[in-house]
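Please read them with the structure open.

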Amino acid sequence: MSLMQSRASSSEPMNALAAKHVRSLDDDVDANQILPICSNKFAAVAGTPSYQDYVANNLLGILDDEQVSDVVFEVEDEHFYGIRALFASHSIVFRRMLYGGMLESDPSNHVVLTDITVPAFKYLRSTFYNVFNHERATDLQCDMVVDVLFAAHKYLIEPLIAKCIDFIKRISNMRDWFLVLQQFENSQFQYQASLFLSQILNQGSSPYILQNKSAQFLQNERFKSLKSDLVLVLIRSDFLAAKERDVWDSLIKWCRHNAVHMARKTSVAVSEDREQKEELEQKTCQPDSDSDLERNLTTSERALMANFIQHVRFKRMDGAFFKQHIVDNQILSESQVIQVMFARE
């Protein structure tokens with residue numbers, strides 16, 4: 001006799017006891033109605049937020065609550081409430097600043113922060129309060145990711161540094177890519193900016209743009225407006241998945257463009273001749289033509305190109321292009337040409 005059969009053939013008093021036990025929960029409720037209620041994992045009442053949302057909303061509610069805040073931060077003449085413990089728990093720098101003897105500390109609970117922008121501070125504060133994804137307050141954006149990166153570096157928040165670098169590497173929109181590069185160029189922390197750019201462009205995983213859109217990047221008109229230091233880092237990158245002839249053409253355009261700008265600045269400084277200024281302005285705005293790329297470099301253009309020559313990988317150019325554009329235009333000396341030819345063999 002199977003177990004189910006033995007249980008089915010149990011005495012009636014036992015069945016009655018089981019039924020009585022079930023009905024004892026609620027004499028007016030059928031036992032069959034109880035099971036689906038119990039199996040619903042205690043679902044929340046309609047309209048009641050989850051516990052996770054409940055906690056997040058409570059933290060959001062004290063973000064600007066003067067009553068529970070115990071410090072006021074001043075950033076670029078704007079004031080923000082804060083809770084010392086939250087800031088101290090996420091950054092050793094804030095811990096020493098708020099509970100130690102750093103210069104920023106103030107007995108009046110008023111702390112002035114320099115070298116950080118308002119968008120970067122708002123991002124830090126929102127993440128410290130764990131207010132993630134509320135009206136995109138903690139979403140990194142291309143127009144402020146560099147500011148957040150520098151803030152993370154200043155306050156020694158290594159995971160945020162890694163997050164910012166990964167965000168920049170994943171940028172796939174060309175406009176956003178140039179926006180980020182421009183922010184690095186315009187940063188007041190040029191030494192640190194150069195270190196981060198070198199890390200982004202040469203270490204770890206390849207930036208999406210350099211790996212998948214290198215040709216479009218080099219041919220983009222905005223490339224000519226990049227500063228020479230950044231151009232140098234870019235052409236030295238092993239991640240730049242472009243033909244060396246395309247790299248060379250982009251450098252030619254860059255040199256011609258910036259030589260004109262240098263001449264314009266010099267001319268404006270020594271002359272007020274309107275026609276001359278208009279002519280130079282017209283040259284500046286003209287797109288590069290094939291004939292312009294073919295002509296030999298001027299003295300000023302050669303001076304600019306000298307910064308990049310040793311980093312161009314001439315041995316990767318095809319022979320015909322190298323002869324026509326490099327050898328025939330006397331870009332390299334005879335000894336340099338011989339070195340390249342030996343390296344190609």
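**Notes on the predicted model**

1. Phe-189 is partly exposed, at a relative accessible area of 27%; buried means under 20%, exposed over 50% and partly exposed in between, with a 1.4 Å probe and protein chains only. Phe-150, by contrast, is buried, with a value of 6%.

2. On conventions: this is a predicted model, where local features need pLDDT of at least 70 and side-chain atom pairs count only at pLDDT 80 or more, while totals for chains, interfaces and linings use all residues. Residues are numbered from 1 along each chain as its sequence is written, and side-chain values use heavy atoms, with hydrogens and water left out.

3. Strands β1 (residues 71-75) and β2 (residues 78-82) pair in the antiparallel sense over 5 bridges. Strands pair if DSSP finds at least two bridges between them; helices (H or I, at least four residues) and strands (E, at least two) are DSSP runs, numbered from the N terminus. Val-72 has Tyr-81 in β2 as its bridge partner. The hairpin of β1 and β2 has 2 residues between the strands, and Glu-76 there takes a positive phi near 50°.

4. β1 also pairs with strand β3 (residues 110-113), in the parallel sense and over 4 bridges. Val-75 stands opposite Leu-113 in β3. Of the 5 residues of β1, 4 are buried, so the strand is largely enclosed by the rest of the structure.

5. How many aromatic pairs does a search of the whole structure find? The search gives 19. Rings of Phe, Tyr and Trp (its six-membered ring) pair if their centres lie within 6.5 Å; planes under 30 degrees apart count as stacked, over 60 as edge-to-face and the rest as tilted. One of the pairs is Phe-73 with Phe-121, tilted, at 5.4 Å centre to centre and 55° between the planes. Phe-73 lies in β1 and Phe-121 in helix α7 (residues 118-128), so this pair ties together parts that are 48 residues apart in sequence. Phe-73 and Phe-121 are both buried.

6. The rings of Phe-150 and Phe-189 have their centres 5.4 Å apart and their planes at 55°, so that pair is tilted. Phe-150 is in helix α8 (residues 145-154) and Phe-189 in the loop between α10 (174-186) and α11 (190-202), so the link joins distant parts of the chain, 39 residues apart.

7. One aromatic cluster is formed by Phe-73, Phe-80, Phe-87, Phe-94, Phe-121, Phe-128 and Tyr-155.

8. The axes of helix α9 (residues 158-169) and α11 come within 10 Å and cross at roughly 55°. That makes α9 oblique to α11: angles under 35 degrees count as roughly parallel, over 145 as roughly antiparallel, 65 to 115 as roughly perpendicular and the rest as oblique. Axes are lines fitted to C-alpha atoms, for helices over the stretch in contact, and angles run from 0 to 180 degrees between N-to-C directions.

9. The count of disulfides is 0, where a disulfide is a pair of cysteine sulfur atoms within 2.5 Å. Cys-164 is buried, with a relative accessible area of 0%. Cys-255 likewise counts as buried, at 0%.

10. Asp-53 lies in helix α4 (residues 51-61) and is partly exposed, with a relative accessible area of 41%. Its C-alpha atom is separated by 10.0 Å from that of Val-131, 78 residues apart along the chain.
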